[in-house]
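Here is a quick tour for someone meeting this structure for the first time. Have a look at it below, then read on.

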Amino acid sequence: MPVDWLPGRLRAMLRTTPFHSRTAPLSKAQNWRRWSGYLTASSYELHHDREYWAIRSSAALIDVSPLYKYGIEGPDAERFLDRVVTREVTKCKLHQVLYTPWCDADGKVMDDGTLTRLTDDSFRLTSAEPNLRWLLDNALGMDVSIRDITDDLAALALQGPTARRILHQAADAVADDLGFFRHTTGEIGGVPVEITRTGYTGDLGYEIWTERGNAEALWDGIMEAGDAHLILPAGMLALDIARVEAGLVLIGVDYVPAHRAVIEDRKSSPFELGLGWTVKLDKKSFVGRDALIAEKERGPEWKLRGLEVSWDSLEALYGLVGLPPQLPSEGWRASVPVYSGNAQIGYATSGCWSPLLKKYIALAHLQSRYASAGTDLSMEVTVEHHRKKAKVRVVETPFFNPDRKRSTPEVAR
Amino acid sequence: MSISYDTIVIGAGHNGLVAAAYLSRAGHKVLVLERRDTVGGATTTEEVFPGFRVDTGAHRTGGLSNRVVTDLGLARHGLELLDADPTVFVPVVEGTPLMLWRDPIKTAEAIREISSADADTWVPFTELIGKAAGFLEAAWTTTPPDVTGNNIGDLIASAKLGAKLRRLGKKDMVEVMRILPMSVYELLRDWFESDLLKGALAASAVTGLCQGPMAGGTVYTLLHHHVGAGAGVIRPTRRVRGGIGRLSDALVADCEASGSEVRTGAAVERIIVEGGHAVGVVVDSGEIRAERVVSSADPRRTFFDLMEPSEMEPEFARKISNIRYRGVCAKVHLVLSGLPDFTCRPGVGDHLNGVISISPSLEYVEHAFDAAKYGHPSRQPYLEVSIPSRADPGVAPNGKHLMSIVFQYAPYMLREGTWDDSARAKLGDLAVATLVEYAPNLSSLVEASHVMTPLDLEQQFGLSEGNVYHGEMTLDQLLFMRPVPGASRYRTPIAGLYLCGAGTHPGGGVTGVPGFNAAREILRD
């Protein structure tokens, strides 16, 4: 039911991304989902298996335009961002990208995203949820302009081992020596683009940004160059497995944004999410600092950790009912109890079978004393309608962390 | 190395000085810093015309706390209060004007000339106003509860206030609770038939508000202006001999007598906050350190102009930035060669003693507001006119007279144009032209004029958007919600930073109560 008088993005119930004219014909499965009000492919093929393998062994092209994007400019832009996020924006170099969460006054995570320094006093921030009001509140009294540029900017993630070679060809080699979490500009398919070496797969990968009107040219340019490098468009199902392997948290799944939490217990601090490394308590002031200093002193109550499910344990549980182990072919997003003996000491929030590692893995919130790597615990599994406990072991994340993610070797010609 | 103080008070307005006086009497080493070269803030008397003592800001002391006057021995320091009688004269272009006297029985007789029904209900009406204002008076000096917390002390204070309300008797309590959020239009419709009387009362309810008498909550403001008025007195008009600045002078004298220092021409550039604590201020690029900083500036100036806004939590900053100011008052000051001669009451007489209120009907005041609603100055403004030289000839030399006019509505935010010289001149002319309809000889009496637009009030006195009350006195910005919920107890989220100005409970007017309450809370800490 379109409503004519509503402005912009509110007008349609579900909007299409700037790449829709390209993604729709490729969507053999017609398997769509909603992402921030946009129609997004869950998978292009009937099964996401090949799309996942493209991420890990060739290259996948993922439409990430629905990410919220904010253009932040002005003499106080650096000071403003340094106040909002937990990382040190003052140390962010030109063309550097920071991954960072940001917190409310109680030091609980509201959202996380990447922050790119485009010039001395202009930045781009991405986020999973709308944050404009929070940003504006924090900007009161500062000389900074904050614009929601979500609709203006189309974005693609090009992820996988052959991504550099594709860009080498498509973008005239501008990204050949682009370092991990760095930013550059160039041209693809005849249109100006920005390229950041970022992504949500834990693999070698890039995100490419261009003005909305240039989206189709960008898509075509990459797909054409990617053809020889086995590029495949990929949807959210494939991405979901890759990001669990990479140990990357997902808002609304692995944590509840603080301002959406109905009760205190649902909120998480960066320390509890394994993001303690992003919290720079030496900064003079930023939102949540006092609470985070206090939490650091007493130690976080919870820790986010990886769990590896014991194959032998699974095999035994399923063996009792005469079945081989049943494995989740799609990543799951649910709260699953984790036990030490009979006591529940945590809960897993995301899990999947890792086709690459050949392991059943999960991300779990564990009470701190049970969270050291190597601790043996158990996780609930449902075996033929009955709740059982499978043995799991606590491991550090990422589960999968290839050298190519960060390294910058010469491009093979 | 400069000496360190216990307390720095920002602004030598009357509330800043009251707080300073109480604190220094309690042994604090206090430094009061005033940006202007004169003390008093908007409670000041200046020679805008040579030899004339003009009250450029407030020209009456509404509800000045007797407790403050007594505690600080202000009479000893030269304070003399002049209660005008009649309190108000409401002229008309044609017909019978109205005067309100301090004695309600005398007023009832005056009203009988225009309505015998209203004359009969006048005394009971003044009793209701007296009771309700009495309740407010109790609330005035009570620090509002923090509704965001569960402090047991707050509950006790609230209970005491509730008990006070209960003592009014059940019937009166219900009536007070009923009328508080009403529009003054509805209240007066219940009581009176005379347009002139309703206009006289309605005008008092909208002073400083960007609202008309038909807006909800205006009964509260009416009552606010009657706290401490005395039994049966409606629209009290109380001046200070020698100009209202003498009150500030007396407060400075008391501060200095107890060892505090008041420095003028000392603009605070910034409040220094270290690790969430206010530890001093920057003046003339030099730091002055203190245990605490008490700001009598309004909340916007305190938190946005005098502080790094990033020292505030964003949610608090948003609340502060959402406070409505919307100043609607301008001031016009005239030097007159003689006294105005009103067509409806010719000659010189008692009617010139108090405030002359150009508010011939409630609808007139509402229409005056209508213009402001759309960003225009009223074409037919409500004027509160005072001739201080009548009771106090010392303020004007050589037998001349001074006229001080509060012009309402002159909205700070103009739909068209800005408050430039031409708009200022036009406003002054309109004030005189409006009065000339009632007193035709006025135009030939004016020897000099001086106009202050809302923008001038902002620039001269530091009143955000020219709001004389440091934030609109509407129900949503009063009591435990003044300046914002969770910060209504004179303390702020910045440790060691307090507020003591009219932006705090109980609000605006020359009362001294915010300063008094703030000092009490500071001493409690």
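## Strands that pair up in chain A

Strand 1 (residues 31–35) of chain A runs antiparallel to strand 2 (residues 38–43) of chain A, and five bridges join the two. Strands here are DSSP runs of E with at least two residues, helices are runs of H or I with at least four, and both are numbered from the N terminus. Two strands count as paired if DSSP finds at least two bridges between them. One bridge to look up is that of A:Arg34, whose partner in strand 2 of chain A is A:Leu39. Together, strand 1 and strand 2 of chain A make a hairpin with two residues between them. In the turn, A:Ser36 has a positive phi of about 50°.

Now jump to strand 14 (residues 302–309) of chain A. Seven bridges join it to strand 17 (residues 359–367) of chain A, and the two run antiparallel. Here A:Arg305 has A:Ala364 of strand 17 of chain A as its bridge partner. Strand 14 of chain A also runs antiparallel to strand 19 (residues 386–395) of chain A, with four bridges joining them. On that side, A:Leu307 is bridged to A:Val394 in strand 19 of chain A. In a regular strand, side chains alternate between the two faces of the sheet.

## Where the model comes from

This is a predicted model, in which local features need pLDDT of at least 70 and side-chain atom pairs count only at pLDDT 80 or more, while totals for chains, interfaces and linings use all residues. Residues are numbered from 1 along each chain as its sequence is written, chains are lettered from A and ligands numbered from 1 in the order in which they are written, and side-chain values use heavy atoms, leaving out hydrogens and water.

## Chain A as a whole

Chain A has nine helices and 19 strands. Its C-alpha atoms fill a box of roughly 60 × 50 × 50 Å, taken along the principal axes. How does the radius of gyration of chain A fit with what a compact globule would have? For 413 residues such a globule would have a value near 22 Å, and chain A agrees, with 22 Å. That radius is taken over C-alpha atoms, and the globule rule is 2.2 Å times the number of residues to the power 0.38.

Of the 413 residues of chain A, 56% count as buried. Buried means under 20% relative accessible area, exposed means over 50%, and partly exposed is in between (1.4 Å probe, protein chains only). The accessible surface of chain A is about 18,000 Å², and 50% of it belongs to carbon and sulfur atoms. Areas like this come from the Shrake-Rupley method with a 1.4 Å probe; for residues, only the protein chains shown count as cover. As for contacts (heavy atoms within 4.5 Å), take those in chain A between residues at least 6 apart in sequence: 67% of them join residues at least 24 apart.

## Salt bridges

Side chains of opposite charge can pair when their charged atoms come close. A salt bridge is a side-chain nitrogen of Lys or Arg within 4 Å of a carboxyl oxygen of Asp or Glu, and the count over all chains is 53. In chain A, A:Asp76 and A:Arg79 form one, at 3.3 Å from N to O. A:Asp76 is buried at 16% relative accessible area, whereas A:Arg79 is partly exposed at 34%.

In chain B, B:Glu384 and B:Arg235 form a salt bridge at 4.0 Å. B:Glu384 lies in strand 15 (residues 382–386) and B:Arg235 in the loop between helix 9 (218–224) and strand 8 (238–240), so the pair ties together parts 149 residues apart in sequence. Buried or exposed? B:Glu384 is buried, at 3%, and B:Arg235 is buried too, at 6%. Another salt bridge joins B:Arg491 and B:Glu521 at 2.7 Å. Both belong to a network of salt bridges that also links B:Arg520, B:Arg524 and B:Asp525.

## Nonpolar cores

A nonpolar core is a set of buried Ala, Val, Leu, Ile, Met, Phe, Trp, Tyr and Cys residues joined through side-chain atoms within 4.5 Å. The largest has 92 residues, and B:Trp122, B:Met403 and B:Ile405 have the most contacts inside it. Helix 4 (residues 116–140) of chain B gives the largest share, ten residues. Apart from this core lies another of 35 residues, among them B:Leu64 and B:Tyr490.
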